[in-house]
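Q: I have a model open and would like a walk through it. Can we start with the overall make-up and then go into details?

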Amino acid sequence: ESAEGYGSAPGNDKVFKYSCSYEAEAIDYFIANGGTKDGPIDGGVAIFAAGNSAAPLPAYPAAYEPCIAVAAFSPSLRPAYYSDYGIGIDVVAPGGESLLYYNGSIISTVPPLPSSGALYAGMQGTSMACPMVSGVAALGLSYAKQLGKRYTAKEFRSLLLSSTNEPYLKGAISYVDENGRQHRVNYENYKGKLGAGYIDAYKLLLQIEGTPCKVVKVGETTEIELRSYFGEG
């Protein structure tokens, strides 16, 4: 669910399939043959972490076109400073940002810590964001199973990636990284580079249920064209 590495740059799928042929073959096999005969999905949805190099392209295998590449956002709903972004990103999810926010990390399971034996620790990264999307997908499939609905992998992928909201991309921030280097992030530079936006579990459940969902801004008057939801009648 959350492996990273093998370079970057969408468009290098042929290189990835050549240099990492077993992994590419396994992903292709899962997408084609995942699910069960009486389950809610025919096929599989492969979800991978985009990478933590702040690069303008996701890393492989996330960048592999059949996969869903997950970038990370911070507690402020802005892209996390470390997250890869750009063409090839499909969706964004909470990844934590402990460098800029107090208690801004994601609690994750870890091997027993030598100092305390604890099995949990605060972490940040697209490897924290990836299982968020996997969890939302699993929740949606569980609800589909409950309702007796079944999807192809392509149909469910489309539902998942349309169950999103726009991230907050205004302003800028300056920070000093773990190596003492100064950085400045202009959030407007991320426009159009975060895929469909950040994942929304509630929207996915409503879509599976068949209930129209429209987000409107608090304090603003919004007109909604109902025919797009209910037809001419």
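A: The protein chain has six helices and 11 strands, where helices (H or I, at least four residues) and strands (E, at least two) are DSSP runs numbered from the N terminus. This is a predicted model, in which local features need pLDDT of at least 70, side-chain atom pairs count only at pLDDT 80 or more, and totals for chains, interfaces and linings use all residues. Residues are numbered from 1 along each chain as its sequence is written, and side-chain values use heavy atoms, with hydrogens and water left out.

Q: What percentage of the residues count as buried?
A: Of the 233 residues, 41% do. Buried means under 20% relative accessible area, exposed over 50%, and partly exposed in between (1.4 Å probe, protein chains only).

Q: And what share of the contacts join residues at least 24 apart?
A: The figure is 62%, among contacts between residues at least 6 apart in sequence. A contact means heavy atoms within 4.5 Å.

Q: Which residues touch the most other members in the largest nonpolar core?
A: Ile-47, Ile-68, Val-70, Val-133, Phe-156, Leu-160 and Ile-208, out of 54 residues in that core. Such a core is a set of buried Ala, Val, Leu, Ile, Met, Phe, Trp, Tyr and Cys residues joined through side-chain atoms within 4.5 Å.

Q: Which elements supply at least two residues of this core?
A: Among them are the helices α2 (21-33), α3 (126-147), α4 (153-161) and α5 (201-209), and also strands including β2 (47-49), β3 (68-73) and β4 (91-94). The largest share comes from α3, with eight residues.

Q: Take Val-133 then. What does it touch?
A: Leaving out residues up to four places away in sequence, Val-133 touches Ile-47, Val-70, Val-91, Ala-93, Leu-160 and Ile-199. Val-133 is one of the buried residues of α3, which also include Met-128, Cys-130, Val-136, Leu-141 and Tyr-143.

Q: How far does α3 reach from its first C-alpha to its last?
A: It reaches 32 Å with 22 residues, close to the 32 Å expected at 1.5 Å a residue. The expected span is 1.5 Å times one less than the number of residues. Just after α3, Gly-148 takes a positive phi of about 75°.

Q: What about α2, how far apart are its end C-alpha atoms?
A: They are 18 Å apart, which agrees with the 18 Å that its 13 residues should span at 1.5 Å a residue. Gly-35 follows α2 and has a positive phi, near 85°.

Q: Changing topic: how many disulfides?
A: The count is zero, taking a disulfide as a pair of cysteine sulfur atoms within 2.5 Å.

Q: How do β9 and β10 run?
A: Antiparallel, with five bridges joining β9 (residues 172-176) to β10 (residues 182-186). Two strands pair if DSSP finds at least two bridges between them. Val-176 has Gln-182 as its bridge partner in β10. The two strands form a hairpin with five residues between them, and Gly-180 in the turn has a positive phi of about 80°.

Q: Which peptide bond is cis?
A: The one from Tyr-60 to Pro-61, with omega near 10°. Pro-61 is in the loop between β2 and β3.

Q: What is the phi of Ala-54?
A: Near 55°, a positive value in a residue other than glycine. Ala-54 lies in the loop between β2 and β3, and is partly exposed at 33% relative accessible area.

Q: Last one: is Ser-115 buried or exposed?
A: Exposed, with a relative accessible area of 71%. Ser-115 sits in the loop between β5 (106-109) and β6 (120-123).
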